[in-house]
Amino acid sequence: MTQALLVDQIPSLRRYARSLTGDAWAADDLVQDTLERACSKWRLWLVGSNLRAWLFSVMHNLFINQLRQSSARTSMTLVDIDDVAHDLQAHGTDPSAGMDLQRCLMRLPPEQREVLLLVSMESMSYAEVAKVTGVPLGTVMSRLSRARARLQALLDAPAVSAALLTSENALPSGVTALHRLKSNH
Amino acid sequence: MEPTTALPLTDDELHAVVDGQAAPDQITELKARLLADAAGQEKLAQWQAQRQALRSLHQEVLHEQVPPSLQQAAQQTLRVHETSGQWRRQVGMAASLLLTFGAGWFANAQWDAAAPSTANHVLVARAQLERDFVRQASVAHSVYVPEVRHPVEVTALEQAHLVQWLSKRLGKPLKVPVLAAQGFELVGGRLLPGDSGARAQFMFQSGAGTRITLYIGAVAASDPALAKDTSFKFETNAGVPSFYWVDQGFGYALAGQVPREQLMALSQLVYQQL
């Protein structure tokens with residue numbers, strides 16, 4: 001029973017990781033780490049409890065750790081969006097819309113991005129999200145509010161100003177393309 | 001509701017509508033209030049559009065073939081889980097036999113990830129003990145039930161003495177169950193040698209002359225880990241049908257050529273009284 005369940009979770013874990021990291025390779029690395037961690041921590045999962053929520057919380061912990069490590073080592077690398085445009089566009093029904101949404105998502109703080117994705121994409125209840133991310137329900141709700149407000153502002157902003165907003169974050173002048181962060185993992 | 005008195009919706013209320021995370025009648029109420037809340041309506045529309053867009057983001061990943069590296073990682077997890085699963089199933093089988101687990105064994109074996117083989121060993125050893133016990137009960141039954149002149153050592157007439165004597169030899173206060181409700185009366189009892197010491201056999205007889213025997217003895221006195229309480233187990237392979245169970249370190253086997261349902265009812269009577 002759980003075998004089928006575990007395999008069933010991989011596609012949604014991949015999609016979530018993809019949206020969370022904004023990068024196909026980083027996403028699959030994260031999923032791989034999650035599966036390996038799940039393997040070593042298998043006995044912490046109580047039979048009969050929610051396997052899906054447990055896997056997402058394993059992934060959450062790994063993701064947060066990666067962020068901490070990367071910011072500690074300041075090893076976040078900037079990836080030119082043009083280099084990965086084919087990634088973002090691959091198979092999308094509306095590549096430009098998907099790319100834009102993903103770009104805006106990446107400009108949300110990671111903890112807001114997580115909450116927004118778990119609620120919207122993964123249809124988790126607020127209580128489940130609180131459990132997965134290990135924060136109180138009130139924090140989930142306020143993160144969700146901020147995420148939705150900020151995402152709307154980003155989506156509404158004309159592309160040019162969005163590019164300016166992005167470049168003002170970290171980029172030296174003269175770089176015209178959109179940039180986003182990519183973890184080294 | 002009067003629109004002019006309606007309060008604007010809070011963010012949390014808007015989220016609940018967008019994500020459908022409220023009871024249907026609550027959502028209906030919120031939507032009614034929303035009629036008077038233009039700003040809320042706009043926000044709701046935006047957030048609903050966001051939600052829709054996010055739900056279709058990277059949809060294609062859901063239909064992609066899972067990369068081999070991930071399949072491998074999942075397989076690895078599955079192998080670990082299968083191992084622990086098999087082992088859990090075995091523990092589960094035991095659990096269906098066991099009414100209660102001893103806390104020590106529980107702590108030492110069940111959750112000791114490094115010792116599934118030990119747990120397995122215990123289970124195998126216990127199954128062997130059970131088989132031996134039931135087989136001995138069956139042999140004792142077959143030997144003494146046909147006996148006409150000396151089916152028992154001490155007859156029911158001396159029941160007090162019988163109980164006292166066998167209790168002393170088995171090292172456990174015994175009682176003779178009353179099975180009259182099922183039409184069986186005590187014939188008497190005897191002392192028998194078992195694998196690990198003394199065993200007692202009580203014989204009962206129905207009005208029609210059918211005899212059943214109750215075989216009692218300590219199981220695995222040397223290794224308490226092997227003597228866990230079990231629920232009733234029906235056994236037919238030992239020659240005569242019997243119900244077997246373990247309660248507080250003592251094994252009980254009730255054997256007789258009677259229908260399974262009747263033997264079960266008799267076993268329950270015995271279990272309740274001992």
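Guide: Happy to. Let's start with the head count: the contact draws on 37 residues from chain A and 30 residues from chain B. Keep in mind as we go that this is a predicted model.

Take the chain A side. Five helices each put in at least two residues there: α1 (2-21), α2 (24-40), α5 (95-106), α6 (110-120) and α8 (137-156). The largest share belongs to α1(A), with 11 residues. And what sort of residues are they? On the side of chain A that touches chain B you'll find 17 nonpolar, 13 polar and 7 charged.

Now let's zoom in on one pair of helices, one from each chain. The axis of α8(A) comes within 10 Å of the axis of α3 (residues 38-56) in chain B, and the two cross at roughly 85°. Angles from 65 to 115 degrees count as roughly perpendicular, so that is how α8(A) sits against α3(B).

Who actually meets whom at this crossing? From α8(A) come A:Arg148, A:Leu151 and A:Gln152, and facing them in α3(B) are B:Gln46, B:Trp47 and B:Gln50. Sort the residues of this contact by type and you get 2 nonpolar, 3 polar and 1 charged.

While we're on the chain A side, have a look at A:Asp100. You'll find A:Asp100 in helix α5 of chain A, one of the helices that supply residues to the side touching chain B. A:Asp100 has 18 other C-beta atoms within 10 Å, so it counts as partly exposed; being buried would take 20 or more. In sequence, A:Asp100 is 54 residues away from A:Leu154, yet their C-alpha atoms are 9.4 Å apart in space.

Step back to the partner for a moment. Chain B has 9 helices and 7 strands, and 34% of its 274 residues are buried. Among the contacts in chain B with a separation of 6 or more, 60% are between residues 24 or more positions apart.

One last stop in chain B is its own helix α8, residues 159-170. With 12 residues at 1.5 Å a residue, α8(B) should span 16 Å, and its end C-alpha atoms are 16 Å apart, so the two agree. Just past α8(B) sits B:Gly171, which takes a positive phi of about 70°.

Methods:
Residues numbered from 1 in each chain as written. Chains lettered and ligands numbered in written order. Predicted model: local features only at pLDDT ≥ 70, side-chain atom pairs only at ≥ 80, totals over all residues. Contact = placed C-beta atoms within 7 Å. Helix = DSSP H or I, 4+ residues; strand = E, 2+ residues; numbered from the N terminus. Nonpolar A, V, L, I, M, F, W, Y, C, P; charged D, E, K, R; others polar. Expected span 1.5 Å × (residues − 1). Axes fitted to C-alpha atoms, helices over the stretch in contact; angles between N-to-C directions. Parallel < 35°, antiparallel > 145°, perpendicular 65-115°, else oblique. Buried ≥ 20, exposed ≤ 12 C-beta atoms within 10 Å, placed from the backbone.
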